[in-house]
Amino acid sequence: MASDNASSVTEFILAGLTDQPGLQIPLFFLFLAFYMLTVVGNLGLITLIGLNTHLHIPMYFFLFNLSFIDFSYSTTLTPKMLMGFVSKTNIISYSGCVTQFFFYCFFVISECCVLSAMAYDRYVAICKPLLYTVTMSPQVCLLLLLGVYGTGVLGAVVHTGNIIFLTFCANNRVNHYMCDILPLLELSCNSSYINLLVVFIVVTIGIGVPIVTIFISYSFILSSTLHVSSTEGKSKAFSTCSSHIIVVSLFFGSGAFMYLKPPSILPLDQGKVSSIFYTAVVPMLNPLIYSLRNKDVKVALKKSLNRKMFS
């Protein structure tokens, strides 16, 4: 019966980021600029890592996948959001909504996991340098990556299954610029405490386990760095980790702010504004952070530009 009722809703109307007419066009150009920078930055970093053999090491292997994930989930969400700024009603089909939500969950959970894999890589590089090539062998890196994407698929399947069995009645206006779990639960006429509990458990595991992994890795890194006698050695260790720490803080901080607070503290209208940060701003900033603060990437970029100029 529930599936019959659910299938009666064939499309949703995305409310968008704001209903202020005067803000639609300025916001369209703002987020178009964000998206263009995201695409150019992440595809540029992917190309740079792929073309420069001295970047074919575990750290940049994971950075390559981080850029791929950032590009992919920004592309999953931003084009539809841009349409909402220039169209009177931003309609998305039921199947389109479920598909967008699945890939959004997959890429966001995968990003959480790849950030924790990057933290583990830094831990091994700084705390166990003599064992680095053995511990972070190509086979181990591949297994870690399979774990990253496997966890992403599992989390996306659980989250998507949580909404597939929801019943949607007369109202089909989603109070968001994308298909996300909380506004869909608010819209449903049969959502229950169990649905919210599933969301909380999956988000806690998807964010909590990577955060614990990152925290433990950086605790060991900090302890090891404090035992380094030379100032140059300490500076090199902190420089190696600083970009990753900034990215982790931005991504997990904004994600936790959105999902790990009850709706009474953070209403959906405010929540969808805060979600802009990790869906549009963070994917744009990541390649800038890693390119501007990373010596190897800057050297590779200069070499690539010189080859281009003199070819």
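**Close-up views of cysteines, aromatic rings and confidence**

View 1. A disulfide requires the two sulfur atoms to be within 2.5 Å. The model shown here and in the other views is predicted. C112 is buried, with a relative accessible area of 3%. Another cysteine, C141, also counts as buried, at 5% relative accessibility.

**View 2. The disulfide of C97 and C179.** The sulfur atoms of C97 and C179 are 2.0 Å apart, and the two residues form a disulfide. The count of disulfides comes to one. The link between C97 and C179 is left-handed, with -125° about the S-S bond. C97 lies in helix α4 (residues 94-127), whereas C179 lies in the loop between β3 (173-174) and α7 (181-187), so the pair ties together parts that are 82 residues apart in sequence. Are these two cysteines buried or exposed? C97 is buried, with a relative accessible area of 1%, and C179 is likewise buried, with a value of 0%.

**View 3. The ring pair of F31 and F85.** Across the whole structure, a search finds 13 aromatic pairs. In the pair formed by F31 and F85, the ring centres are 5.9 Å apart and the planes meet at 15°, so the pair is stacked.

**View 4. A cluster of aromatic residues.** Ring pairs join F68, F102, F103, F106, F107 and Y149 into a cluster.

**View 5. Confidence along the predicted model.** The protein has an average pLDDT of 84, and 86% of the residues score at least 70. Which elements have the lowest and the highest mean pLDDT? The lowest mean, 45, is that of helix α1 (residues 2-7), and the highest, 94, is that of helix α6 (residues 138-164). Over residues 1-7 the pLDDT is below 50. Beyond near neighbours in sequence, the stretch of residues 1-7 has nine contacts in the model.

Definitions and conventions:
Residues numbered from 1 in each chain as written. Predicted model: local features only at pLDDT ≥ 70, side-chain atom pairs only at ≥ 80, totals over all residues. Heavy atoms only, no water. Phe/Tyr/Trp six-rings, centres within 6.5 Å; stacked < 30°, edge-to-face > 60°. Helix = DSSP H or I, 4+ residues; strand = E, 2+ residues; numbered from the N terminus. Buried < 20%, exposed > 50% of the residue type's maximum accessible area, 1.4 Å probe, protein only. pLDDT = per-residue confidence, 0-100. Contact = heavy atoms within 4.5 Å.
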